Structures are given as C-alpha cells and as structure tokens.
Amino acid sequence: MLEGCTPWPEEVARDYLSSGCWQAGSLADMLEAGARQWPERPCLSDNSGTLSYAELNRLTERVAGEFLAAGLQPRDIVLLQLPNIREFVIVFFALHRIGVVPVMCLPAHRHSELAYFAQLTGARAHIFAQGYRGYDFLAMAREVQAGAPALTLLFATGSGTAPDVRYLAPMMEAASAAVDGEKPLADPGDVAFLLLSGGTTGVPKLIPRTHADYLYNARICASVLGWDAGTVFLAALPAAHNFALGAPGIIAALAVGAGVALCASTDAEDVFAAIERHRVTVLPATPALIIALMNSPRREQYDLSSLRQILVGGQRMLPELFDRVRGTFAGAIPLHAFGMAEGLTNLTRPDDTAAVQRETQGRPVSPLDEFRIVDEAGAAVPAGEVGELIVRGPYTIRGYYRAEEHNRNAFTADGYFRTGDLVRLHPTGNLVVDGRMKDMINRGGEKISAEEIENLILSHQAVQMVAVVAMPDPVMGERSCAFVIAKNGATLTLAGLNEFLMTKRIAKFKLPERLELLESFPVTAMGKVSKKALRERIAGKLQSENAA
Ligand code: OOB
C-alpha cells in the first residue's frame, strides 16, 4: 500500500478476497473490460456529445501514454482539479491505467487547500481547467508550484502555448498508445486515489481508497439500486466528490454498462436541460439542489419524464421534503443516500416500503459492513436509542493518509471508523440520522470544518476569541455563523472579516455568512465554549428576525 496509509489487517483482507468482494484489477481494467464487452454503447455524454465505451477507453489509453511520456510514473501523486467535463473521466481513468494516484480536489479549492495537498503528498502534477468559471487556474497553479518543489508538471484543459503547461486537447489527439502491454496490474490493495474528508480538523484529511474497495463499493451500490444498461446517471454534483464519483456514482454506472451524463453546473436550467437531452434516469442531489430544482419556475418547460431514481444525500432529507420530491417528479422514487468519503454507504432500497423510504436514511449496502451504535464510553446503546455510528468493512478506510496522530482518535482499537454521526436504529434495521458530534457545518452538503475557519479568523488583528457554528437555513440546511469576541476597542464587520479571509485564499463556500459580536461566550459545566448554546442563540435570533 502507498506509504502513509493503513492497510486492512491481513486476515481481514484475505477474507474480503476469498469472499470475492475484493477482486483483482484496477479501475482502468474495469473500463477496458467494458470497452470489450459493449464497445458501441453510449458511455459518457456532455455538452460536446457522446463517447462510446470503446472511444472513452481509447482516449484514456492515449492520455495515459502522454502522461508517461511527460514523466509521470506509477505511484506518483497528482492534484486532479477538474469540473464535470469529459476530461475529468478521461484523465481519471488514464491516471489509473498507469497507477498514478490523484488527489480529488474540488474546482472550488484555492491556493491554501491546494498548497496544503501538494506539500502533504509531494504531488508531481496539477491538472486543472483553464479559465473555468472565469477563474485564472493557471496563475494559481503556478503559485502553488512555487511552494512545492516536487510539483513540476502542469496540465490544462484545451490547448494553448504556455511553455510550462501541457494541454489535454492535443494529448487526446496524440497517436501514442504507449501504455499497451506495459500497464502495471494494480494490486487490489493499491491506493487508487485520495478523497477529501468533510473535515472536522484544522486541515482537511485525505482518504486513501483502493481499487478493490472502491470497485466493490460502486458495484454493490449499482446492484442494490438495480442499475443496468438502461440506466443513465447524471453527475451535476462535483464528480470529485464520493457521492457523484462512486457511492453510487459514475464508477457504479460504468461498472454495469450504463450511461453517464455530465453537467458542469448546478443551475436548475442546466440540470433540467441535461436530464431532457440525455434522458437521465438517475439524479443524485443534495437537499439544497433538489429544493432549487423544485422551486425553479422553468421546470415545466422540460421533459423530465425519464427520471426513475432521485438519490438525495450529503445532508438529511426530511420526510416533508421527501413528500414534496415524490409529488413533484412523478415516476421517480426519492431515495436516501447517507454516505461518507471514508467509505460506508447507506441507501434506502427501491423496494423498501414507502414509510421506510420516507423516514430512514437507509442501511449499509454490503452485508459485510459491520456497524455499531455506541455511547461515549464505546458501549452499544439500547436498540432504538441515539448513539454514535461506528463502522468497519470492505470499503471503509482503516486510517487517513499521513495522519497517525489523528487516526488514533478517529478509529477504535479494533478498526472501526468513528463517523461522528448520531444515529438510531429504526425497527426495520435501517438507520435514522439524528444529528452529529463532529464540529463541522454542513452547508447544502458541502462540509466546512469549524476549526479550520476559526484558526484563520483568530489571525485577524481585531479578534480575541471566535467560535464558528451552524445556523439553520431552509434551503442549505445549515450556513455558518462566526461568533467573535473582539479585542478591546476593536470592531469588525462581516464584509471586513470575509475580505480578510479571502486574502487567505480558501474555497469561497467556507466563508461565514453571518457575524455575531459578543462580549463573552457561554460555557459548559467544564468551562469550554458551549457551541450548543451558541447554535441555540443564533437559531433563536433568526426565528425572531423572521417573525418580525
Ligand atoms: C457525503 O460524503 P461526505 O464525506 O462529504 O460527508 C459525510 C457526512 C456524513 O458523515 C454525514 O454527517 C453527512 O455527511 N451526510 C448525511 C447524509 N449524507 C451525508 N447526513 C444525513 N443524511 C444523509 N443522507 O456527503 C456522501 C458520500 C456518499 C454518498 C452520499 C453522501
């Protein structure tokens, strides 16, 4: 396994292999098998047209050859930062063909996140989309490169003439297929890529997912959902995120010969147009996205009748929202996807009763997922009571990348991952998410680590103390609110604070959306800042403001 990663214990790995859930072969081998089995089937569609399985595989081979020619080698790590365009999928599989490990960055990430990933991993390349959404990714890439000596290669979408950049458009047309025959066969235990954690600590953690674990995760999701060649999956949520990538996601669709459509925007009209154009059957969405789609006045103008499954996850879908989705998209069932980048995927099933589909967040997709619901001492809570969900299994990691100290707390001694989610067992055996223990803000499915932002705010000269908490929001579920005690005589506005935070060059979605200045913070019996009291305070304040 890649250095800095925690393998499954040997005997456990042997069981996963002998039971057949882990199989030989890499993600690239999966695509190649698809190209042999159903070469002409539509595979990948975006605004520029549709590629068949054979075409996608051929492009992947070419780009892999070009990556090798540029100097990338098996086990190198690269920063992959592409939006939902065909190059994302082509590059992703090309890297796997040659055993290169991408860090799955989001297009929203900026200098601060990328520089950190580059330094932590010793990444050798950065692959980005030129000018995507008007942002100068090249300038950012060069700056990141300046602080990361191993990062010698830049790859950009399209074509161009910058001497320090290699362009993907000509690479996709190159005649080379240099990888044929010399492709390293991935060991099932090899790390395929590093996903980003939702994050509860000062810096985001990287999650090593192996070829075998991810393929199993994806395949079992597809099977549970009954996907087949007639399925068309739409990725409008970021493809680099576990929900759209494989749990269930793009990989799950390609594993069963289904079609994948990509939409580079989550604007309601763009999503509707993609559904109509590609006759999409499965739409994964966050509650915030599904609310935006339902609230859009343009919905009636599109033919959305192909939709069969609407997977809602990233955040809890309340029963009332479930009812609204059902009433709005006739012919499609809303299903809960309660997953995490660390592994465990829970789904409600298409054949669950309506009550179970409405009221629970599903159950683990694999019979080999072992979960427990425990109290603070780690003892199982009585059935039906709320406790922390802990889990281990064939596709849940045993450790974050290069995070030994953090891992000691994040996992139990016997290898269970502490999810930080508070759940209870429904009488049917499904899980109901009741809350969470982890200190993060879940902004429409996008996770913000409170500690990460607090550390930045603390470096502002006017700030003496800070606590960032979630405040309720009807669309995003939560938004972040910064409570600040200013230094004597100093003052601060939200605009001023955010201007300061933008100089730290972080992803914009992490900016607080409200600032509350206090003289002192409420504390717990232990004398710690009570975030619970702060959350209640801002929730109460919002309520009275809305009533006024
Ligand atoms: C997904 O993955 P992450 O890694 O961005 O976030 C995981 C966390 C969970 O631990 C939980 O706190 C929350 O997001 N969450 C949900 C949820 N789905 C995720 N909370 C309540 N209800 C749900 N349905 O968010 C993710 C990964 C794969 C599939 C779906 C979501």
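Before we start, a residue is called buried under 20% relative accessible area, exposed over 50% and partly exposed in between (1.4 Å probe, protein chains only). Helices (H or I, at least four residues) and strands (E, at least two) are DSSP runs numbered from the N terminus. Keep in mind that this is a predicted model, where local features need pLDDT of at least 70 and side-chain atom pairs count only at pLDDT 80 or more, while totals for chains, interfaces and linings use all residues. Residues are numbered from 1 along each chain as its sequence is written, and side-chain values use heavy atoms, leaving out hydrogens and water.

**Exercise 1.** Work out which residues of helix α17 are buried, and which exposed ones sit on the face turned away from them.

*Solution.* Step one: go through residues 494-502, which make up α17, and pick out the buried ones: Leu497, Asn498, Phe500 and Leu501. Step two: these four cover an arc of only 155 degrees around the axis, which puts them on the same side of α17 (the arc is that of the directions from the helix axis to the C-beta atoms). Here's a handy rule: an α-helix has 3.6 residues a turn, so residues three or four places apart point the same way. Step four: check what the buried residues of α17 pack against, namely α16 (450-458), β24 (477-486) and β25 (514-517); contact means heavy atoms within 4.5 Å.

**Exercise 2.** Describe how domain 1 meets domain 2.

*Solution.* Step two: count the contacts, where 7 residues of domain 1 touch 8 residues of domain 2. Step three: look for salt bridges (a side-chain nitrogen of Lys or Arg within 4 Å of a carboxyl oxygen of Asp or Glu); the rule finds 2 across this interface. Step four: note which element of domain 1 gives the most to the side touching domain 2, and that's helix α5 (residues 111-121), with 3 residues.

**Exercise 3.** Is His278 buried or exposed, and what does His278 touch?

*Solution.* Step one: find His278 in helix α11 (residues 268-278). Step two: its relative accessibility is 13%, so His278 counts as buried. Step three: list what His278 touches, not counting residues up to four places away in sequence: Ser45, Asp46, Val232 and Ala261.
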